[in-house]
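Try each task before reading its solution.

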Amino acid sequence: MTKEAIAETLESIARLLDLKGENPFKIRAYQQAARALELHTGDLEDAAAKGELGEIEGVGKSVAEKIAELIQTGKLAYFEELKSGFPPGLFELFGINGLGAKKIKALYEKLGVGSIADLEVACREGKVAELPGFGDKTAHKLLGAIAQRQANAAFHRLGDVAGVAQRMVEELRAHPAVVRASEGGSLRRRKEVVRDLDFVASTKDPAVVGEFFAHRPDVVEVIAQGPTKVAVRLEGGVQCDLRLVADAEYPYALHHFTGSREHHIALRNRALERGWSINEYRFSAATGEGARPAQPLPDIHDEAELYRALGMDYIPPELRENTGEIEAAAAHKLPDLIELDNLRGTFHCHTNASDGHNTLEEMAEAARELGLQYLGIGDHSKSSFQANGQDERRLAEQGEAIRALNARYEAEGTRFRVFAGVECDLLKDGALDFSDEVLAGLDYVVVSVHGSFSLPEAEMTRRLIRAIENPYVTMMGHLTGRLLLERAGYALDVPAVLDAAAATGTIIELNASPWRLDMDWRWWHLAQEKGVKCAINPDAHRTEGLQDLWFGVAQARKGWLTRGDVVNCLPLGKIETVLGAKRTALGK
DNA sequence: GCCGTTTTCGGCCCGACTGTTTTCAGTCG
């Protein structure tokens, strides 16, 4: 049973307990345990075998026993019993905006509503509006939410919303009544997918700014509009929330609405140690039983000062997931995160020799215009016939063209180089699409899986490790093959693959395409600890695709990576050594 | 159900908005 499946089971238990009206803190305990598992990078089966599950923060004796039962038997008696009390369709009702456990419980007990389809019928027949605590407006909103859910998935890829979000921030900042403005929420933390877009602005005239926001031309629905909060829906379905505060409150509000929730809770506890309570507006002296005597309240003008007041270094938004950043900031040991302009080049780009849109020269020029010193071409290999993969002959011809282009740059005195490479298919059994002799003629090789996605985890892991052990394989492309919001990655033992990469000096790609962002940011901190190097590659299929490096850098930052962890921060003259390191070590 | 310099009991983050109420419950973030 996978870690994700176990976490999902715990989430489901939390929902069922909620429906039963259980103690909210018990519910939260299951949710926290599920989240702890999602962030856990160790081997669960191993921990279960050693009886160490309870050592995971947020997993106690009871949950540890349940996880062990799931791992050993693939089932959990407690969960099965809970489930038997409710119809299976009840779960999907949690996906409807405006419905929580209490309302779902009432709908189920009073009207027998056990699915979204039931709910729609009950709303249309007027039964929902008659329930105590419900009304006409609620019934209407639920119908709207059902339609909304059917029209749009609950999440949006970061790449699909980053542009509009940036424009909205710029417009807010340009508004005369706005003092400061920023994006917030998971968008500011650069999560790979976001549910809605959060914005925070400071102003002396919240009503005017709120009106401005609610009347943007691309707004199709005003969901809520109060004196401090406006929520709208844009064309395309994405919801945008704007919080309006006085400028003195801005650092607190920005921080609060950037989250994450878990980061916040941990930070509040630090404030309490100083006798302070923190909310989205200010620090205040903590009150209540057992509150410590408050230290003098600090004067805060920005987020950096807020962290400083709590004895910590400034924590970049990408790190605010409560995965160790609080402790690191308190110990002044936060990593110096990579920045976009640290990149000196990039790899894994396509040309019209396979399935790209632009020529070799056009891709190289686009990379030069971005200020890069080198570009690695990696067109598809012959087995990817659907992507016009190149055979040995065409690959050799492309190599000639690249040598000619490099010669021209040299003659012109242009300090720019194109590296000849390939995105070599990894065949089902772990063999490569080209012989070692062919690969030896290239500057670098990126290996990717483009077929046979459904192998069992152990077999898939062996398949990748076999490629990693090949001395000519420089880096592994989009490691899990996921397509965000479309296709989950294939089953893979990522830590085992990272171990193999570390042992052989094989680079792992951080594929910067907003559809992939693969390997996932949650694994990079572990990779860093194991000494695995990263290459941030755009997998560009046209010149504009090079811009996706921005997303890759954002994910690398989320994964705690520094410029020292990312090989394409190395300048021309040094990167060649890294590309050849595996062959050199093995005497090839 | 978890956790512990408040350690085996008693806390556990907290404010805004909506709709249904006539003082508040539910949901959301």
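**Exercise 1: Where two domains meet**

Task: in this predicted model, how many residue pairs are in polar contact between domain 2 and domain 3, and how many salt bridges are there?

Solution, step by step:

- Start with the polar contacts: three residue pairs link domain 2 and domain 3 in this way, both partners being at pLDDT 80 or more.
- Look next at the side of domain 2 that touches domain 3: five of its residues are charged, one is nonpolar and none is polar.
- Now count the salt bridges, of which there are two between domain 2 and domain 3. The side chains of R188 and E303 form a salt bridge, with N and O 2.9 Å apart.
- Finish with the area: domain 2 and domain 3 bury about 710 Å² between them, and carbon and sulfur atoms give 39% of that. Of what domain 2 buries against domain 3, 66% comes from R180, R188 and R189, more than from any other three residues.

**Exercise 2: Around the DNA**

Solution, step by step:

- Check the backbone of G60, where a polar atom is 2.7 Å from a phosphate oxygen of DNA strand B. For a backbone N or O atom of G135, the distance to a phosphate oxygen is 2.8 Å, and for one of K103 it is 3.0 Å.
- Lastly, ask which element gives the largest share of this surface: α2, with five residues.

Note on methods:
Residues are numbered from 1 along each chain as its sequence is written. Chains are lettered from A and ligands numbered from 1 in the order in which they are written. This is a predicted model: local features need pLDDT of at least 70, side-chain atom pairs count only at pLDDT 80 or more; totals for chains, interfaces and linings use all residues. Side-chain values use heavy atoms; hydrogens and water are left out. A polar contact is a pair of N or O atoms within 3.5 Å; within protein, one must be able to donate a hydrogen and the other to accept it, and residues adjacent in sequence count only if both atoms are side-chain atoms. Helices (H or I, at least four residues) and strands (E, at least two) are DSSP runs, numbered from the N terminus. Buried area is the accessible area (1.4 Å probe) that two parts lose on being put together, summed over both. A salt bridge is a side-chain nitrogen of Lys or Arg within 4 Å of a carboxyl oxygen of Asp or Glu. Ala, Val, Leu, Ile, Met, Phe, Trp, Tyr, Cys and Pro count as nonpolar, Asp, Glu, Lys and Arg as charged, and the others, Gly among them, as polar.
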